[in-house]
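Subject: Structure for your files

Dear colleague,

I am handing over the structure we spoke of. Please look it over alongside the notes that follow.

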Amino acid sequence: MADPDLNDVVPSRTGRLAKQVGGTVFTLLITFIGLLAVTFFISRVVPTDPVMSILGERATQAQIDATRTALGLDRPMWEQFGIYVWNALQGDLGTSIRSKEPVIDEIARYFPATLELATIATIIGMLVGVPAGILAATKPGSLFDQVVRLVGLMGYSMPVFWLGLMGLLIFYGQLGWVGGPGRLDAAFDMMMQFEVEAYTGMILIDTALNGRWDIFQNALSHIVLPAALLGYLSMAYISRMTRSFMMNELGQEYITTARVKGMPEGRVIWVHALKNVMVPLITVVALSYSFLLEGAVLTETIFAWPGLGRYITDALLVADMPAVLGGTIVVGAVYIGINMFSDLLYRLVDPRAK
Amino acid sequence: MTYLPFARHAGAAGLAALLLGAAPLALFAETPADTLVIANAIDDIVSLDPGEAYEFSGLDLINNVYDGLVEINPTTLEMEPGLAESWSVAEDGMTYTFKMKAGITFSSGNPVTAEAAAWSLQRAVKINKTPAFILNQFGWTAENVDTMIVGAGDTLTLKVDKPYAPTFLYNCLTAGVASIVDAEVLKTHDVDGDMGGVWLNSNSAGTGAYVLKSYKPNEGYILEARPGYWRGDAKLAKIFMMHVPEAATERLQLEKGDIDIARTLTPVEIEGMAANADVKIQQDVGGQIYYLSFNQKNENYKNAKFLDAMRWAVDYQGMADTIMKGTVIPHQSFLPQGYLGALTDLPYSLDVEKAKALLAESGIAAPTVKLSVRNSADRMDVAQSIQNTFGQAGITVELDVGEGADQLKTYRARQHDATLQTWGPDYPDPNTNSSTFAENPDNSDEANNTGYLAWRNAYDPGEMTAQSQAAVLERDPAKRIEMYAALQTKHRETSPFIVMFQQARNTGVRANVQNFYTGGAVDAAAYWLVTK
C-alpha cells in the first residue's frame, strides 16, 4: 500500500495524464488566441476597407453606414475581437463578408481540396526525395549526387508559376496525358455535384466510396500534375535534408563497426543508418506537409484549384476578415495537429523518446 | 541481397503509375454536347440577388435567369418589350402604364402578374442595396414606393417625381436591378427582412431561359435550361461557368477543347492563338472608360492652360497600340461608344511641343502631379507611359501605387491629387455618365456627394449641371442627342477629366460555337442563343 504522503508528491498515472492533457489544451488555447489576435490586429492596421470592397464605387454614405453597423465594424476594436473569440470558441467562425456564407461551410469546401492535393504531393515528395537523398549521400560527388543536387536546386529556385504553366503546356496541352485546370472536367464536375454523395469533400475518396470510378479517374487525371509539381518542390527540400542527415550518420563509428564486421552495405544504409535518420526526417516531412496544407496560392491559381491558399488570399485582398481569421485557425490547427502527430511518430521510431 | 534497385525505382514507378492511370481518360476529355462551358474570372460576384448584384459576372448570370419589363435584344442591342407587352406615358410625363404579357410563368410555375412586377421593383427600392439608386432616381423611396408603383390585373402603373425623358425610364428598366422576381416564392424565404436575398444566392426565382442549379463562390456556377422560355427555349441545356483567374490557363483549356468560351484572355493569348483554326476571337466594346482626373483642391488643376497641356501630353494611340493592345480603343468623351449621343471623334493626340507651349503659357513652373494608381499590371503600364510623356512636356509625375479598394476610399474622400480610374456605366442611358461626370449640385465637403465623379474631384461644372439635368428631361430624342453632344464637347475641353480609352473585349470561342453575345457596352452576356 502506498504511503499517503508520497501520493501527494507523485501524482497518480491518471492524474499525470489529466495534467498533461490539461496543459496541452491550455497551450493550444493560448496559441490560438495569440494567433487570432495577431491576425485580427494586423488586419485592422491594413487600410483596406471591407465595406468598400463589397459595396463598390457607387455606394451612398447611408448604405456604407448601414453595412458597417450590420457587420459590427462600428464597434471598438477590442469589442469586435472579444465577440469574435467568444463566437469562435462556440464553433461559430462568423459569416464571410463577401459571399455571406458561413465561414465554416466555405472552409469545409476549400480545405479538402487542399488536403487532397497536399497529401498526394507529400507522398510523391517523400517517395522520391528520401531514396534520392540517401543514394546521393552514399556516393557523394558522384554523377547521381550531382543530378539530385541540380534537380533539387531547380525545385528551390524556379518560379512555381512558370513551372506550373510549363507543366500544363507540356503534359496537358501537348501530350494530353493529364486533365486540365480545375478538379474535374465540366461533365464530371456536374456528375460529382448532383450524383455523388460527398462525405469528405476529397473527390478521390468520395468517388471511391461511391464506387464512381469514372469520376475517380478524371479527378486523378486532374490532380496528378499540380500534385507532382508541389511534390517536386517538397522533394527538393526532403532530398537535400535526407542527404545531409545521412552523410552525418554514415560518418558515425557504429556504421564503421558494422561495415568492418562485414554487414552488407545495403543493410548498413537502409536498416541501421536509416533508422537513426528517421527522427529528423519525420520533422522535415511534417514541416513540408504542413507548409503545403496552408495552400499553395500560385499553384492553386494556375490550376484553378479551389484550395485554402487561394481562399485566404482572396479574402485578404477584400479584407474579408471572418474568412481570413477562419482560414488562419485552420492553418494553425493543421500545424499543431501535424506537430503532435510527428511527436507521436518519434515515440514509435525512437525508443529513447518513450 | 541489396535494397538499392528497389528503392531507386520505387518513386519513379509510383509517379509513372499515377500518370499512366490518369492518362487514358484525359485523352478523351471534351465538353458535353448539351453544355456550354465558359471560363471567366468570376470572383467579382458579391451577390446573385438581382436587387443587389452589381458586378459584371453577377449581371451576366442575372441576364440569363431573370427578365425585366423592358429588355435589350442581345443581337441588335436595341430596346424591346420584355415581360411588358406595351407601355405608354401620360401627357404630363409623370405616370407610366405598362401592360403585362399574358401566359408567362416563373420557374416555380407561378404566373407573372402586374402585382409580382410591382413587388419586385418595390423590393429593390426597399432592400436598398448598391444598385437601388438606378430606381431611386425616379423619386422612389422605401416610404413612397408602395403608392408610386402599383400593380393590378395586367396593368402596372409607375409614377415618377419629374417629367423625365421617357427613354430614361425605359433604359433604366433594362438594368438588372429592375428584374422581375417571383414574389410568392421570395416571401416564403424572408430572413430578417431581406425579402429572400440570402436564399437568392443559391437559388433563383425568375422568368429567364435558365435556372440556377448550383453556385460556389470563386469556383463556378451551373445553370439549367427551363422549357417554355418566352423568348424561345435555350439552345443548350446547361451552362457550366468555371472560375479561372489565369488567362494563360484559359487559353490552354480553350485550345484543348475543355472549355467552349474563354472570357479573360489578354492580348498575349489572343496573338498566340491567331493560327489556331479551332478557335476564333470575337471582338466588341464594353462600356468601361479609362480616365485621368485631377482634384481641383489643388489650384493648379483649375488652370485651363495647364489642363490643356496635359491633354496634349497623353499618348492615346501609342498606348492603345502597344501596352493596351486589344483591350482598349482610344476614346475621348464621357459617353462610351454605343450610347445615345456618344461622341466618337478623337480631337487630342500626343503633341509634346504643344503641351510644352501650353504649360509655359499657364505660368505654372515645374509642376508635379501625384498620380494614384492601383497595383495591377495594366494600370501600372498606363501610368508609366503617362509619367514618361508628361515628363517630356515638363510635368513631373510621382506614382502613388496602392490597393484598389484603398485608393477608391481616398478618391471618394477627395484626398487624392490625381488618379487613373475606370468607370463603367450603370444603365444604358446617357444620363448615367452625364450625371456623374458633368453634374455637381453642391461642391462643398459637407455635401459628401461621392456618387458624382465631379464632386470627388472638387470640380464645379457650373452651368453644365443644369444642362445635364435638362437633358434627362428632354422628351425629343433628337434634341436630347444634341444636348449630350454639346455637354461632352464642353466637358472634355474644360473639365479636370481626361478620358483616354474605352474598353475593348476579346472573347475566345471554339470554332463550333455560334451566337454568343456579350451585350456590348449596354448589356450583359446572353447564353440562351448559343449553339455548338
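This is a predicted model: local features need pLDDT of at least 70, side-chain atom pairs count only at pLDDT 80 or more; totals for chains, interfaces and linings use all residues.

Contacts link 15 residues of domain 1 of chain A to 10 residues of domain 2 of chain A. On the domain 1 side, the elements that contribute two or more residues are helix H2 (13-45), helix H3 (50-55) and helix H5 (77-89) of chain A. H2(A) gives the most to that side, with 8 residues. Sorted by class, the domain 1 side that touches domain 2 of chain A holds 9 nonpolar, 5 polar and 1 charged residues.

The other item is helix H13 of chain A, which covers residues 265-293. H13(A) bends by about 50° at A:Leu274. Its buried residues include A:Val268, A:Ile269 and A:Ala273, and also A:Val277, A:Leu281, A:Val284 and A:Val285. Among the others that are buried in H13(A) are A:Ser288, A:Tyr289 and A:Ser290, together with A:Leu292 and A:Leu293.

What do the buried residues of H13(A) pack against? Their partners are four helices of chain A: H6 (103-138), H11 (213-250), H12 (253-260) and H16 (321-349). Just after H13(A), A:Gly295 has a positive phi of about 95°.

Regards

Terms used:
Residues are numbered from 1 along each chain as its sequence is written. Chains are lettered from A and ligands numbered from 1 in the order in which they are written. Two residues are in contact if their C-beta atoms, placed from the backbone, lie within 7 Å. Ala, Val, Leu, Ile, Met, Phe, Trp, Tyr, Cys and Pro count as nonpolar, Asp, Glu, Lys and Arg as charged, and the others, Gly among them, as polar. The bend at a residue is the angle between axes fitted to the seven residues ending there and the seven starting there. A residue is buried if 20 or more other C-beta atoms lie within 10 Å of its own, exposed if 12 or fewer, and partly exposed in between; C-beta atoms are placed from the backbone.
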